[in-house]
Amino acid sequence: MVPKTSPSCPHCGEPLAPFKLPDDGGWDGTFQLACFNDECPYFARGWAWMEEHYGVRSSYRYRLNPVSGQASPIPVWSRNALRDRMIEGDVAVDKVGGSDVIPGQDGEKGSHP
Ligand SMILES: [Zn+2]
């Protein structure tokens with residue numbers, strides 16, 4: 001079973017916040033989780049890294065796909081980027097991805113004739 005506790009950022013320990021995905025992102029979910037902590041070292045060092053490697057004033061935030069459990073950086077062009085996509089309130093992460101649960105497989109008994 002998936003624990004009820006909200007996932008937190010492995011870089012700064014802040015709880016991850018859900019945000020809606022851009023429509024043209026081609027992602028396989030309706031929302032993902034990201035660390036929106038501006039003090040997060042992952043985000044903070046991203047500015048220098050991006051400028052050094054790509055010559056752009058940009059950074060990235062820690063992002064987690066709640067469906068696959070895969071973490072990857074999501075590019076942000078400013079501190080406020082993606083903030084308008086943040087979802088208000090709690091999101092039940094443990095309900096995401098339930099479509100691939102096979103009924104009866106998880107200890108569901110009592111259907112014997
Ligand atoms: Zn963080």
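Predicted model: local features only at pLDDT ≥ 70, side-chain atom pairs only at ≥ 80, totals over all residues.
## Basis and overall fold

Local features are reported where pLDDT is at least 70 and side-chain atom pairs only at pLDDT 80 or more, whereas totals for chains, interfaces and linings use all residues. Residues are numbered from 1 along each chain as its sequence is written.

The protein contains two helices and four strands, where helices (H or I, at least four residues) and strands (E, at least two) are DSSP runs numbered from the N terminus. Along the sequence these elements follow the pattern β-β-α-α-β-β. Of the 113 residues, 20% are buried, a residue being buried if 20 or more other C-beta atoms, placed from the backbone, lie within 10 Å of its own.

## Strand pairing

Strand 3 runs antiparallel to strand 2, with two bridges, and antiparallel to strand 4 (residues 71-76), with six bridges; strands count as paired if DSSP finds at least two bridges between them. Ala34 has Arg63 of strand 3 as its bridge partner, while Leu64 stands opposite Ala71 in strand 4. Six residues lie between the strands in the hairpin of strand 3 and strand 4, where Gly69 takes a positive phi near 80°.

Because six of the six residues of strand 3 are buried, this strand is largely enclosed by the rest of the structure.

Technical notes
Buried ≥ 20, exposed ≤ 12 C-beta atoms within 10 Å, placed from the backbone.
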